[in-house]
Structure formats: C-alpha cells, structure tokens
Amino acid sequence: MNNKNIVVIGGNSGIGKSIAEKLESVGANIFVYHRSGEGAERLDVTAKFETIEGLPEVIDGLVYCPGTINLKPFHRFSIEDFQKDYEVNVLGAVKVLQTCLKGLKKSESASVVLFSTVAVQVGLGFHSSISSAKGAVEGLAKSLAAEWAPNKIRVNVVAPSLTDTPLASALLGNDDKKEASNKRHPLGRYGQPEDIAGAAVFLLSNEASWMTGQVLHLDGGMSSIKGM
C-alpha cells in the first residue's frame with residue numbers, strides 16, 4: 001500500500017477512521033472526507049456535487065463508509081425514512097463514484113470498497129429500510145465490478161454485523177445490550193472497527209488483486225452458521 005492514493009469517505013469516526021489509520025500505518029496517502037470536516041475535507045454526501053476538492057489525479061483506492069441505522073417496525077417507517085436511508089447509502093455512493101471514476105481509471109490497479117450489512121443476507125426484523133438500501137449497494141457493486149473490470153477497477157463489498165461505532169451507540173448503550181449482542185453472534189462477540197478495517201485494507205491491497213464483485217461477510221459467523 002506504500003504511496004498508494006486512497007480516498008476515504010466518512011473517515012472521521014468508527015470504521016472509516018479505523019480504516020484511515022490502518023492505511024496510514026502501511027504507508028498509503030490518505031484523502032479523508034466527511035460531513036463535519038473543515039475546508040477541503042468537508043463533504044455532505046446528501047448534497048448536490050459534481051466535484052470533490054483536493055482529490056488526487058490518480059486514485060488507487062476508494063472506500064465509501066457513510067451509513068445509517070434506522071430500526072423499527074415496518075408499519076412505522078415513512079416513505080421519507082426509506083428515502084433518507086437510500087440517499088445516504090446508495091445515492092451518496094453513486095455521486096462519489098461518478099466523481100472519482102476519472103481518477104480510478106488512471107490507476108494501474110484500482111479498488112473500490114463499499115459497505116452493506118449482515119441483514120441483507122440473513123433477513124432481520126425491523127431492518128426493512130436499511131436492508132433495502134444496502135441490498136441496492138450490493139447490486140450496484142456487482143454491476144460496477146462487471147462494467148469496470150476492463151479498466152482494472154475492482155469493486156467489492158464488506159457486509160458486517162453490529163460493530164461498536166458511534167452509529168451503533170444506541171444498540172450498545174449498556175452492559176445488558178452488549179451482552180445480548182455478544183450472544184447473537186456465534187463467535188461470542190459483536191464487531192470492533194479494527195475487525196472491519198483489516199478486511200477493507202485487504203480488499204484495497206494487491207493481495208486481493210484477483211477479487212472483484214464479491215460480498216465479504218464479516219459478521220462473527222452470523223450469516224452462515226448457528227451458534228450452540
């Protein structure tokens with residue numbers, strides 16, 4: 001990863017911050033953007049934009065981290081709830097990808113990492129809005145992986161289960177909630193940002209140079225096995 005130019009959208013906290021720190025530790029050049037950033041680092045993915053200030057001419061990797069956690073019974077969701085989740089998770093990614101495509105094409109081997117959720121694979125109650133949006137992300141990734149393969153641009157997805165981030169703070173707000181979350185995962189614990197960051201950096205690296213169009217389920221076994 002030494003001297004590779006990696007753009008991290010949403011890199012100020014949680015998984016995005018952990019990814020940025022890990023990339024920096026292995027010598028990558030990091031370009032971080034987020035909604036609360038100052039100056040050139042500020043980017044609201046729900047706003048209209050056609051350019052992003054300060055992007056490198058050559059983009060070797062792009063990670064799109066913004067997401068939402070909006071959980072409640074289906075009958076309580078409004079159309080606006082669904083639209084908000086879709087705007088952040090899907091359309092925000094689309095705008096960033098379109099803006100970065102020119103730079104990605106200039107790389108000899110570019111990699112894009114998007115994020116889904118275990119709820120797309122498993123089917124979890126109260127997740128109808130976010131599952132719909134993240135399911136669209138997986139479909140987008142597979143289509144772009146096919147379309148961009150001739151340009152040597154790889155597109156993969158990481159689909160985590162619950163991870164200890166500010167976004168998930170309400171779901172892990174006390175010891176009882178944490179213990180219940182641990183028990184839901186076959187490996188006996190919910191995720192940490194570092195768990196997810198390692199997978200993302202792998203997908204960005206040359207070690208994953210023959211991997212595209214894949215959804216990497218990093219979820220403590222939740223999507224594929226049943227605990228004792």
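Biologist: Where is the place of Lys152?

Modeller: Lys152 sits in the loop between H4 and strand S5 (153-160). Helices (H or I, at least four residues) and strands (E, at least two) are DSSP runs, numbered from the N terminus. This is a predicted model, in which local features need pLDDT of at least 70, side-chain atom pairs count only at pLDDT 80 or more, and totals for chains, interfaces and linings use all residues. Residues are numbered from 1 along each chain as its sequence is written, and side-chain values use heavy atoms, with hydrogens and water left out.

Biologist: Why is Lys152 called exposed?

Modeller: Exposed means over 50% relative accessible area, buried under 20% and partly exposed in between (1.4 Å probe, protein chains only). Lys152 has a relative accessible area of 53%, so Lys152 counts as exposed. Its phi is positive, about 60 degrees, although Lys152 is not a glycine.

Biologist: What makes Asn3 exposed?

Modeller: The relative accessibility of Asn3 is 52%, and therefore Asn3 counts as exposed. Asn3 lies in the segment before strand S1 (5-9). Asn3 also has a positive phi, of about 70 degrees, and is not a glycine.

Biologist: Why are H2 and H4 called roughly parallel?

Modeller: Angles under 35 degrees count as roughly parallel, over 145 as roughly antiparallel, 65 to 115 as roughly perpendicular and the rest as oblique. Axes are lines fitted to C-alpha atoms, for helices over the stretch in contact, and angles run from 0 to 180 degrees between N-to-C directions. Helix H2 (residues 79-105) and helix H4 (residues 128-148) pack at about 20 degrees, with their axes 8 Å apart. H2 and H4 are therefore roughly parallel to each other.

Biologist: Which residues make the contact of H2 with H4?

Modeller: Contact means heavy atoms within 4.5 Å. On the H2 side the residues include Phe82, Tyr86, Val90, Val94, Leu97, Leu101 and Leu104. On the H4 side they include Ile130, Ala133, Val137, Leu140, Leu144 and Trp148. The residues of this contact divide into 14 nonpolar, four polar and three charged. Ala, Val, Leu, Ile, Met, Phe, Trp, Tyr, Cys and Pro count as nonpolar, Asp, Glu, Lys and Arg as charged, and the others, Gly among them, as polar.

Biologist: Why are H1 and H6 called oblique?

Modeller: Helix H1 (residues 14-25) and helix H6 (residues 193-204) pack at an angle of about 55 degrees, with their axes 8 Å apart. H1 and H6 are therefore oblique to each other. Among the residues that meet are Ile15, Ile19 and Leu23 in H1 and Ile196, Ala200 and Leu204 in H6. The residues of the contact of H1 with H6 divide into nine nonpolar, three polar and two charged.

Biologist: How do you know that S3 and S4 pair?

Modeller: Two strands pair if DSSP finds at least two bridges between them. Strand S3 (residues 61-64) and S4 have three bridges, in the parallel sense. In S4, Val113 is the bridge partner of Val63 and Val112 that of Leu62. S1 and S3 also pair in the parallel sense, over four bridges, and the partner of Ile6 in S3 is Gly61.

Biologist: What makes strand S4 mostly covered?

Modeller: In S4 (residues 110-115), six of its six residues are buried. Ala110, Val112 and Leu114 lie on one side and Ser111, Val113 and Phe115 on the other. In S3, Gly61 and Val63 point one way and Leu62 and Tyr64 the other way, and all are buried.
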